[in-house]
Amino acid sequence: MRHIAIIGSGPAGYYTAEAAQKQWGDEVRVDVFDRLPVPYGLIRTGVAPDHQSIKAVSNRYEKTALSDNVGFVGNVSVGSDVTIAELQGLYDAVVLATGAPHDRPLGLPGETLGNVFGSAAFVGWYNGHPQFADLAPDLSGETAVVIGMGNVALDVARILAKTREEFAGSDIVAHALDALERSNIRRVVILGRRGPHQIMMTPKELGELGHLQRAAPRVDPADLPEIGEDALLEPGLRKSVNHIRSFAAIPESHRADMALEVEFDFFAAPKALLGERMVEAVEVERTTVEAGRAVGTGETYTIPASLVVACIGYQTSPIEGVPFDERAGRFANDEGRILPGLYCVGWARRGPSGTIGTNRPDGFGVIEKIAEDIGGGSGKQGRGGFDRLAAERSLDVVTFRDWKKIEEAETRAAREGAPREKFVDVAEMIKARGG
Ligand code: NAP
């Protein structure tokens, strides 16, 4: 028998569990750990609440989780409740699938002013992550600046722009829905330090911005490259650039009917966040793109801003004793191998890129390496040993069966048409599990 501990119950974690089952059938025991009492990581607290079709992938993870040889060990923090070294003593392989839950810092003056957030915090707020549920962003001003031109920037801009009605069928948490309904934001500026040909936004997600109830996108036609240059782009990016071109062609008369505008500010690198206590403006330097790189022109201007959300990418949290690649913001690894018996997968292995589905081949890849390394297993104790240790330390382990009770309570609490109302507080989650 082989015993495998997977740390993190998001997509990378559950695809790895699925791969282990495919590899060894009944000859493996897998335990999926999470510091929260609820599973699915990024699917629950990262994927936008109005993208329910993407969130539906958790049904696939549930199928894996319900298998007899796969356990969920929720409400256990690896690193504090139990160490990596202890888990390595109990399991043949420990796989870090911890994602990249922290914001990369902007590194700009004024970053610590009030109402300046990273996307992990802001997305966590509207998605009900217990760590960020009480963020309470101030939405009373008129202009929000969203930094970065990736899909997360698009998510944030769209969420700020939507009406309450447009959130029907989503699982946006009540505190965010109510705050957004009261929001005074009328202008969302998306800042990109490079141009339309360098955006990281994908076509489907960008297309959504053209169909909002009370908001229209704005693109300055002067920022568009010569149309012939689009032919050199890979097809996905070309489609995205087509959307940008169509936004530039929206007539002013259409925008005049809209309460809110989502403006793309290309060739605009943030230089400083200005304000006394709360952010009041963003200082920006115009850029040109040379050989794909943004180069400052020295020309600067300021955009008034009462809210700033930096959507510039994420990094993995280091764990004591585990080699970490500071520059890349992920664990130092060779195709998933960190140290003997210790592996990483998903964003913790390759950094925050790709789609949810990219994690599937990643999971299968790391299991292949583990299979090469551990053979038939070395008689470790696995879950039995962990349960003894958990009892000694009085850890309150939440099982998958417990999670199903929490889920039932969330489903019962859903407002009409919504799939669930999430608990945003760990103690509430534990209470909902019952005795
Ligand atoms: P991303 O795609 O890497 O985009 C980050 C953006 O931030 C880029 O435009 C980058 O510009 C900009 N940036 C980085 N550092 C900056 C700085 N110091 N100043 C100004 N701009 C800066 O990251 P993401 O949006 O966080 O997304 C992470 C991953 O999740 C991506 O693979 C994304 O596709 C995926 N995702 C997918 C969906 C979906 O499919 N619906 C939704 C959300 C996220 P440069 O290019 O110039 O560096």
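Here are some questions and answers about this predicted model, from its ligand to its cores and loops.

User: How many residues surround the ligand, and which are the closest?
Analyst: Happy to start there. The shell around the ligand has 10 nonpolar, 6 polar and 5 charged residues. Together 21 residues surround the ligand, and the closest are Met149, Asn151, Arg193, Arg194 and Gly354.

User: Which helix gives the most to the shell around the ligand?
Analyst: Asn151 is among the closest residues to the ligand. The helix that gives the most to this shell spans residues 151–161 and supplies 3 residues. That helix is α7.

User: How far is an oxygen atom of the ligand from an N or O atom in the side chain of Arg193?
Analyst: Polar contacts here are pairs of N or O atoms within 3.5 Å. A backbone N or O atom of Met149 lies 2.9 Å from an oxygen atom of the ligand, and for an N or O atom in the side chain of Asn151 the distance to a ligand oxygen is 3.0 Å. For the side chain of Arg193, the distance between its N or O atom and an oxygen of the ligand is 2.7 Å.

User: What share of the ligand's accessible area does the protein cover?
Analyst: An oxygen atom of the ligand is 2.7 Å from a side-chain N or O atom of Arg193. On its own, the ligand has 910 Å² of accessible area. The part of this that the protein covers is 81%.

User: How many residues does the largest nonpolar core have?
Analyst: In soluble globular proteins, nonpolar side chains tend to be buried together. In this model, the residues with the most contacts inside the largest nonpolar core are Phe122, Tyr126, Val156, Leu160, Phe264 and Leu307. The core as a whole has 52 residues.

User: How many residues of helix α6 are buried?
Analyst: Helix α6 covers residues 119–126 and is mostly covered. The buried residues include Ser119, Ala121, Trp125 and Tyr126.

User: Is Leu260 buried or exposed?
Analyst: Leu260 is found in strand β10, residues 260–265. Leaving aside neighbours within four places in sequence, Leu260 is in contact with Leu160, Ala161, Ile185, Arg186, Val188, Arg214, Ala215 and Ala216. Its relative accessible area is 2% and the cut-off is under 20%, so Leu260 is buried.

User: In the loop between α6 and β7, is His129 buried or exposed?
Analyst: Just after α6, Gly128 takes a positive phi of about 75°. His129 lies in the loop between α6 and β7, and its contacts beyond four places in sequence are Arg35, Leu36, Thr45 and Gly124. Because its relative accessibility is 10%, His129 counts as buried.

User: And Asp134, is that residue buried or exposed?
Analyst: Asp134 also lies in the loop between α6 and β7. The C-alpha atoms of Asp134 and Gly114, 20 residues apart along the chain, are separated by 14 Å. At 66% relative accessibility, Asp134 counts as exposed.

User: What phi does Glu335 have?
Analyst: Glu335 lies in the loop between β17 and β18 and counts as exposed at 52% relative accessibility. Although Glu335 is not a glycine, its phi is positive, at about 50°.

User: What phi does Asn75 have?
Analyst: Asn75 is in the loop between β3 and α5. With 18% relative accessibility, Asn75 counts as buried. Asn75 is not a glycine, yet it has a positive phi of about 70°.

Methods
Residues numbered from 1 in each chain as written. Predicted model: local features only at pLDDT ≥ 70, side-chain atom pairs only at ≥ 80, totals over all residues. Heavy atoms only, no water. Near = heavy atom within 4 Å. Polar contact = N/O pair within 3.5 Å; in protein donor to acceptor, adjacent residues only side chain to side chain. Areas by Shrake-Rupley, 256 points an atom, 1.4 Å probe, with all protein chains shown as cover. Helix = DSSP H or I, 4+ residues; strand = E, 2+ residues; numbered from the N terminus. Nonpolar A, V, L, I, M, F, W, Y, C, P; charged D, E, K, R; others polar. Core = buried A, V, L, I, M, F, W, Y, C linked by side-chain atoms within 4.5 Å. Buried < 20%, exposed > 50% of the residue type's maximum accessible area, 1.4 Å probe, protein only. Contact = heavy atoms within 4.5 Å.
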